[in-house]
Amino acid sequence: MPAVTVDNPLTLPKVAAQGDAAARPVLAVTTAPSGFEGEGFPVRRAFAGINYRHLDPFIMMDQMGEVEYQPGEPKGTPWHPHRGFETVTYLIDGTFIHQDSNGGGGTIENGDTQWMTAGSGLLHIEAPPESLVMSGGLFHGLQLWVNLPKADKMMNPRYQDIRGGEVQLLASPDGGALLRVIAGELDGHQGPGITHTPITMIHATVRPGAEVTLPWREDFNGLAYVLAGRGTVGAERRPIAMGQTAVFGTGGSLTVRADERQDSHTPDLEVVLLGGRPIREPMAHYGPFVMNSQAELKQAFEDFQAGRLGTVPAVHGM
């Protein structure tokens, strides 16, 4: 980790907040509980215990792994439905194959992102390739769920396959932080992901002892999740470590700093920074469906049971 990097960050465009930007305070730091998803791959539930008013428009995020599979151990998910939101799968290490009942999907690996807009609904499957099942190997990634506003919930499903080499690479002024803009924009630099709900998604690598203060849209919320390493968040330097999420208050900038000493297996602080414009609509969420009312949830289940979200292909190539 990570798959997408550069030898010299000082060659990249530099980003820093203006000196008069109001620093976002840290409202809370939470620790993700561990669990299992799909056919049994380990996850950390990054947003567990955080009030939705701080998450909106994000619904949930799982850190998948980091795990070193032995031969025969890699696992995925069975076929399952989605409606009313978008799933963002960012794979840092390993390989995953995606397929849906509309014929969409593909393979992502080592820094790639698959952005699936479920919209009106589809069936979906994610699994490691047979070669990884046979050989074992490292697997590590994130899956983020992004809500859709009521006006877009029943739009046609869509895929975006974002290759790792397409992300917008930026750096802090001293080169101590490498920033990968996956979606949205940062200080006028646009990432490749096209979003229906305005958001920004960044994977930052911060060298030991380095600090980065980024401009942050004041109409967005602010979240930081630590994939690996230790550091602090906010001007108040609130401690944060692997598997923890920081919730920021309002302001025009946010700060992340890496501790001088990191664990031997983690040379840098690896953190995902998220911001989005709150939708501020009623949300009814149950399992794979995210709608605006209980009646719409009931309709989603009925449509799924009636096969109106699609059917599993006879030959799915998994």
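This is a predicted model: local features need pLDDT of at least 70, side-chain atom pairs count only at pLDDT 80 or more; totals for chains, interfaces and linings use all residues.
Residues are numbered from 1 along each chain as its sequence is written, and side-chain values use heavy atoms, with hydrogens and water left out.

Because 5 of the 5 residues of β9 (residues 113-117) are buried, this strand is largely enclosed by the rest of the structure. Strands are DSSP runs of E with at least two residues and helices are runs of H or I with at least four, numbered from the N terminus. β9 is joined to β6 by 5 bridges in an antiparallel arrangement, in which Val88 stands opposite Trp115. A further 5 bridges join β9 to strand β12 (residues 158-162), again antiparallel, and here Met116 has Tyr159 as its bridge partner. Two strands are taken to pair if DSSP finds at least two bridges between them.

An open sheet is formed by 4 strands in the order β5-β10-β7-β8, with antiparallel pairing. Its edge strands, each pairing on one side only, are β5 (80-82) and β8 (105-109), and the twist averages 30° from one strand to the next, where axes are lines fitted to C-alpha atoms and angles run from 0 to 180 degrees between N-to-C directions. Within this sheet, 5 bridges join β7 (residues 95-100) to β8, and Ile97 stands opposite Thr107 in β8.

The largest nonpolar core has 31 residues, and those with the most contacts inside it are Phe47, Phe58, Met61, Leu144, Met201 and Leu274; such a core is a set of buried Ala, Val, Leu, Ile, Met, Phe, Trp, Tyr and Cys residues joined through side-chain atoms within 4.5 Å. Strands that each supply at least two residues of this core include β4 (58-69), β6 (85-93), β11 (137-147) and β24 (269-276). Apart from this core lies another, of 28 residues, among them Leu179, Ile202, Ala224 and Leu273. Not counting residues up to four places away in sequence, Met61 touches Arg44, Arg45, Ala46, Phe47, Leu142, Gln143, Leu144, Tyr225 and Leu274, contact being defined as heavy atoms within 4.5 Å.

Thr232, found in strand β20 (residues 230-233), is buried, with a relative accessible area of 12%. Leaving aside neighbours within four places in sequence, the contacts of Thr232 include Arg237, Pro239, Ile240, Val256 and Asp259.

Helix α3 (residues 294-305) has 12 residues and reaches 17 Å from its first C-alpha to its last, close to the 16 Å expected, the expected span being 1.5 Å times one less than the number of residues. Leu297, Ala300 and Asp303 are buried in α3; seen down the helix axis, the buried residues fall within an arc of 125°, so they line one face of α3, the arc being that of the directions from the axis to the C-beta atoms. Cover for these buried residues includes β25 (284-286) and β26 (289-291), while the face turned away from the buried side carries the exposed residues Gln294, Ala295, Lys298 and Gln305. Just after α3, Gly307 takes a positive phi of about 80°.

Methods: Buried means under 20% relative accessible area, exposed over 50%, partly exposed in between (1.4 Å probe, protein chains only).
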